[in-house]
Amino acid sequence: MSLDASVAVRRGPLDVQLDLAVADGEVLAVLGPNGAGKSTLLRVLAGLLPPEDGRVVVDGTEVWDDVGQGRHLPAHERRLGMVFQDGLLFPHLSVADNVAFGLRSRGVPRTPARTAALGWLDRVGLAGLGDRRPGQLSGGQAQRAALARALVGDPALLLLDEPLSALDARTRLTVRAELRRHLADFGGSTVLVTHDPVDAMALADRVVVVEEGRIAQAGTPADVSRHPRTDYVARLVGLALLPGTGAGTTVRLDGGGAVAVAEETVGPVFIAVRPESVALYLDPPHGSPRNVWPARLVSATPHGSTVRCELDGEVQLIADVTAAAFAELGLAPGSAVWAAVKASEVAVYAR
Amino acid sequence: MSRREAGVPVPLMVPAALAVAFLVLPLIGLVVRTPWADLPDHLTQPAVGVALRLSLVSATAATALSLLLGVPLAWVLARSRIRGRAVLRALVTVPLVLPPVVGGVALFLVLGRQGLVGRWLDETFGLTIPFTTTAVVIAETFVAMPFLVISVEGALRAADARFEDVAATLGAGRWSTFRRVTLPLVAPGIAAGAVLCWARALGEFGATITFAGNFPGTTQTMPLAVYLALQRDPEAAIVLSLVLLAVSLATLLLLRDRWLGRSVAT
């Protein structure tokens with residue numbers, strides 16, 4: 001269940017030309033600013049907007065769009081599930097009927113459709129809420145129900161359009177963690193559109209950064225944040241995201257090493273470190289409670305007035321230092337440095 | 001806020017008060033002049049019952065016909081991208097501004113025995129429409145359907161079309177989406193439009209008398225009966241008017257929920 005898409009479409013002044021390939025079980029994040037053409041891409045993949053040129057092929061043989069051949073499969077004939085920004089649960093149907101909607105459309109009789117819907121509500125943690133109206137759900141619950149509705153038909157392609165951006169910060173953390181689990185279980189291809197680099201880092205296997213309708217950069221989340229090719233990407237995706245296990249105010253990293261954090265946590269977490277909060281020293285710094293690691297400078301790329309430094313060592317980090325500081329330290333690839341991060345500047349997310 | 005409400009400027013206040021008086025006084029006059037003592041006698045006259053029943057039946061039939069044809073038309077106007085949609089909308093709203101008598105004449109020219117379609121109907125099926133109850137329903141539909149179309153089209157435009165995209169991604173074709181998503185979403189707008197349409201059909205006079213005539217029992221609806229009674233028996237006319245006023249007020253009460261109550265929420 002793979003996706004191969006090459007899409008050209010014009011929306012007002014925006015000229016979108018994007019090529020994507022997503023493998024089975026893979027999650028591709030399309031990251032970019034508002035108006036970059038991300039949602040347009042998703043509408044084309046969904047069949048809601050016919051492309052002006054290009055092909056969309058699923059599983060290698062199932063042609064959904066082929067402008068050259070004049071083929072356009074309408075949205076309702078595509079095996080896909082889509083989650084929209086603000087859930088968009090049908091307000092006139094119960095939550096269970098919302099989830100069962102896709103099965104009913106595809107001819108599944110009422111009773112098995114309802115059984116499957118209730119099963120999915122259970123899986124997304126909404127057991128017992130099937131008879132509620134969407135208006136009676138919280139934002140996080142509505143988005144979980146929307147996910148269940150998209151996944152219930154076992155689609156080949158799952159499209160997520162800013163699925164977390166309408167949620168408040170606290171809810172976003174928990175829903176993101178759940179979404180991650182469901183995506184891991186999902187066998188089809190997933191395309192996630194987001195403008196939040198944390199979503200992309202936490203959820204995606206690969207990231208495509210889109211600017212003004214074109215792919216600015218593509219790669220694994222770690223790749224893209226380590227080697228940003230444009231200033232925009234550098235600003236957008238600089239943060240290092242490291243998996244670990246919380247134990248009080250310490251997080252033991254899966255890759256080895258430990259990080260002191262300000263908040264107490266327990267269980268699997270991500271820690272996120274912004275490159276501007278990493279300071280570099282030639283000698284071990286003393287004083288305030290900090291995370292200090294020895295590291296080796298792998299590469300240094302100037303971006304505007306800062307230099308992005310990729311560090312290798314016990315903990316893999318990215319540091320943005322000013323060009324002046326970089327020169328003063330006399331750093332060159334291969335240099336041994338000490339990297340320091342204040343505990344208060346390490347963000348912790350439940351995984 | 002309260003300071004603003006208290007200070008209605010005189011140049012606005014006086015005409016506004018006059019407008020209220022102008023609109024309400026005739027209704028008060030109607031109620032005042034009603035021969036309340038003879039009311040039961042008048043109301044139980046068989047002619048009143050016949051006219052009222054004919055009015056209710058034909059207005060309801062006209063509303064049903066308007067729903068059947070008008071809701072799909074509203075959908076086409078609001079959702080489809082066919083060419084000449086603006087022209088179509090203008091054409092549809094013509095009956096709103098057309099004097100109903102002219103509508104009646106036009107219907108007669110098309111559906112009358114010598115009319116464009118009427119002659120064919122007469123020769124092929126032996127069907128004659130003018131001066132029948134069918135003609136009443138057609139005249140009322142002609143005049144009232146635009147109210148429904150405009151109202152439903154507005155509701156469709158106000159409804160979030162993204163729900164229809166959601167339905168498509170869930171495997172629902174356009175017809176299925178219309179039935180299972182669009183229709184339920186705009187149901188309140190359809191209901192409001194139907195009530196408006198029904199009220200307009202109930203009060204129809206000009207097109208009806210021109211196209212369907214004024215035959216008690218088959219084409220004499222309440223407004224026609226009122227007009228006729230006024231020339232012979234003014235008291236009866238007042239009573240009949242009162243009945244229509246009562247029906248209109250009931251309609252307004254039905255609409256109140258939507259227009260004065262929840263309209264902001266949707």
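1. The areas themselves come from the Shrake-Rupley method with a 1.4 Å probe, and for residues only the protein chains shown count as cover. Glu212(A) is found in the loop between β10 (206–211) and β11 (214–219) of chain A, and although Glu212(A) is not a glycine, it has a positive phi of about 50°.

2. Before going further, please keep in mind that this is a predicted model, in which local features need pLDDT of at least 70 and side-chain atom pairs count only at pLDDT 80 or more, while totals for chains, interfaces and linings use all residues. Residues are numbered from 1 along each chain as its sequence is written, chains are lettered from A and ligands numbered from 1 in the order in which they are written, and side-chain values use heavy atoms, with hydrogens and water left out.

3. Chain A contains an open sheet of five strands, in the order β2-β1-β4-β5-β6, with antiparallel pairing. Its edge strands are β2 (14–22) and β6 (71–72), each of which pairs on one side only.

4. Strand β4 (residues 53–58) in turn pairs with strand β5 (residues 62–66) of chain A, antiparallel and over four bridges, and the bridge partner of Arg55(A) in β5(A) is Asp66(A).

5. What kind of phi does Asp59(A) have? Asp59(A), a residue other than glycine, has a positive phi near 60°, and it lies in the loop between β4 and β5 of chain A. With a relative accessible area of 29%, Asp59(A) is partly exposed.

6. Arg79(A) lies in the loop between β6 and β7 (80–83) of chain A and Asp59(A) in the loop between β4 and β5, so the pair ties together parts that are 20 residues apart in sequence. Arg79(A) is partly exposed, with a relative accessible area of 32%. A salt bridge is defined here as a side-chain nitrogen of Lys or Arg within 4 Å of a carboxyl oxygen of Asp or Glu.

7. The structure holds 23 salt bridges over all chains. Among them is the one in which the side chains of Arg114(A) and Asp131(A) meet (3.1 Å, N to O). This pair links distant parts of the chain, with Arg114(A) in helix α3 (residues 110–123) and Asp131(A) in the loop between α3 and α4 (139–151) of chain A, 17 residues apart. Arg114(A) is partly exposed at 31% relative accessible area, whereas Asp131(A) is exposed at 61%.

8. Elsewhere in chain A, Arg172(A), Arg176(A), Asp196(A) and Asp199(A) are linked in a network of salt bridges. In chain B, Arg113(B) forms a salt bridge with Asp122(B), the closest N and O atoms being 3.4 Å apart, and Asp122(B) is partly exposed, with a relative accessible area of 23%.

9. Strand β12 (residues 240–253) of chain A runs antiparallel to strand β13 (residues 258–273), and twelve bridges join them. In β13(A), Ala272(A) is the bridge partner of Leu241(A). The two strands form a hairpin with four residues between them, where Gly256(A) in the turn has a positive phi of about 100°.

10. On the surface of chain B, Asp38(B), Asp41(B), Asp233(B) and Glu235(B) gather in a patch of negative charge. Patches are made of residues with over 30% relative accessible area and no salt bridge, like charges being joined within 9 Å and nonpolar side chains (Val, Leu, Ile, Met, Phe, Trp, Tyr) within 5 Å. Lys and Arg count as positive and Asp and Glu as negative, while His and the chain ends are not counted, and the place of a charge is taken as NZ of Lys, CZ of Arg, CG of Asp or CD of Glu. Asp233(B) is found in the loop between α12 (222–232) and α13 (234–262) of chain B, and it counts as partly exposed at 31% relative accessibility.

Terms used
Buried < 20%, exposed > 50% of the residue type's maximum accessible area, 1.4 Å probe, protein only. Pairing = 2+ DSSP bridges.
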